[in-house]
Amino acid sequence: MRHPRFPQRPRPVGGRVVPGMTHAPGGKPAPSGDGRGAGHGADGSLVVFGGTSDIGLAVAAELLAAAPRPVVLVCRPGAPRVPAARRAMLEAGATRVRIVDLDVAELGAHEAAVAEALAGPVDRVVLAFGVLGDQERAWQDAGAAVTVFTVNATAAVSIGVLVAQRLRGQARATGRRGRIIAISSVAAERVRRPNFVYGASKAGMDGFFTGLREALRPDGIGVLVVRPGFVRSAMTAGRSMPLAVDPRRVGRAVAEADERGRELVRVPAVFGPVMTVFRLMPQALARRMPW
Ligand SMILES: NC(=O)c1ccc[n+]([C@@H]2O[C@H](COP(=O)([O-])OP(=O)(O)OC[C@H]3O[C@@H](n4cnc5c(N)ncnc54)[C@H](OP(=O)(O)O)[C@@H]3O)[C@@H](O)[C@H]2O)c1
């Protein structure tokens, strides 16, 4: 039985999904920097850091619907959601699931965990870990602020660097070009008073992955930055916001953006024009907004 949260999308028929494919259809190498090419072979792994994340799993399920493949879930050791995450991936079409332990706040453990998670051919790496934290405590308690930044910004950057180097090595050795999918937030685009510690930490990681996208372009490795608005997930349980969406909506939008080789996606898409206006809004007006 398929996991109810992750029903399968119809698979492409006669499309670009060819097992072991390292080039775009027609025998031509995929255009440099679009992150395609080997990414659409079905044999390379899909690795999810934050392997229990509702959004991360929804993204993975949609990517699996397009191309079943092995999945690696990088999870906090002993996290209660791990067994359900493993089941969800098998039900969504993973050909096998491997669990790698990592508490991302332990920065010294990153190198070994990334090496373990990315052993073997890799096509997609999703970075979906993050914490919201108590926002009013976070700006008044240095320890709480540092925790938010360590997970959302420092760990994301450290793992981003290690993953990028591993994908570059793979591209140069085998021609297989993977893609990084970094779950940022619209909160990164303009930091707001109600969640400014979280927003500032996401702004840091968002800026890093936006720059990494340019740095990796010559190697043909893509970086897709995902900026969801409010998503009903474990992180936001008990809260509500305008324009809220379910994780599956994010998963579908990411899979579509991935298929098209896009580099930035906001979910829902209306956040494109909304953020254009909000970014330009004078602070005196922005602080009166009802969210
Ligand atoms: N929900 C939203 O409204 C929203 C909007 C925009 C962006 N985002 C971003 O989307 C991403 C996923 O969030 P979500 O909504 O899917 O919430 P979620 O289900 O709570 O996922 C958060 C993930 O981060 C992991 N994590 C937290 N601290 C960790 C640590 N120290 N070591 C290892 N893993 C750790 C959690 O693992 P455990 O199971 O061990 O806790 C979980 O896998 C986050 O980056 C978040 O900032 C969320």
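Axes are lines fitted to C-alpha atoms, for helices over the stretch in contact, and the angles between their N-to-C directions run from 0 to 180 degrees.

**View 1. Helices α3 and α5 cross in this predicted model.** The axes of helix α3 (residues 110–117) and helix α5 (residues 142–174) come within 10 Å of one another and cross at roughly 40 degrees. The two helices are therefore oblique to each other, and the crossing in which α3 passes α5 is right-handed. On the side of α3 the contact is made by His110, Glu111 and Val114, while α5 contributes Ser158, Ile159, Leu162, Val163 and Arg166. Sorted by class, the residues of this contact are four nonpolar, two polar and two charged.

**View 2. Helix α1 meets helix α7.** Here the axes of α1 (residues 54–66) and α7 (residues 247–259) come within 8 Å and cross at roughly 45 degrees, which makes α1 oblique to α7. The crossing of this pair is right-handed. Among the residues that make the contact are Asp54, Ile55, Ala58 and Val59 of α1, together with Pro247, Arg248, Val250 and Gly251 of α7. Divided by class, the residues of the contact of α1 with α7 are 10 nonpolar, one polar and six charged.

**View 3. Seven strands form an open sheet.** The strands follow the order β3-β2-β1-β4-β5-β6-β7, and their pairing is parallel. Because β3 (97–101) and β7 (264–267) stand at the edges with a single partner strand each, one side of each is left without a neighbour in the sheet. From one strand to the next, the twist averages 15 degrees.

**View 4. Strands β1 and β4 are joined within the sheet, and helices pack on it.** Strand β1 (residues 45–49) and strand β4 (residues 122–127) run parallel and are joined by five bridges, and Val48 stands opposite Val126 in β4. Helix α5 packs on the sheet, where it touches β1, β4 and β5 (179–183), and the direction of α5 makes about 175 degrees with that of β4. Helix α7, in turn, lies across β5, β6 (222–228) and β7, and runs at about 160 degrees to β7.

**View 5. A shell of 26 residues lies around the ligand.** Of these residues, Ser53, Ala79, Gly130, Ser233 and Met235 come nearest to the ligand. Helix α1, which also takes part in the contact with α7, gives the most to the shell, with three residues. By class, the shell is made up of 14 nonpolar, eight polar and four charged residues.

Note on methods:
Residues are numbered from 1 along each chain as its sequence is written. This is a predicted model: local features need pLDDT of at least 70, side-chain atom pairs count only at pLDDT 80 or more; totals for chains, interfaces and linings use all residues. A residue is near a molecule or strand if its C-beta atom, placed from the backbone, lies within 6 Å of it. Helices (H or I, at least four residues) and strands (E, at least two) are DSSP runs, numbered from the N terminus. Ala, Val, Leu, Ile, Met, Phe, Trp, Tyr, Cys and Pro count as nonpolar, Asp, Glu, Lys and Arg as charged, and the others, Gly among them, as polar. Angles under 35 degrees count as roughly parallel, over 145 as roughly antiparallel, 65 to 115 as roughly perpendicular and the rest as oblique. A crossing is left-handed if the near helix is turned anticlockwise from the far one by less than a right angle, and right-handed if clockwise. Two residues are in contact if their C-beta atoms, placed from the backbone, lie within 7 Å. Two strands pair if DSSP finds at least two bridges between them.
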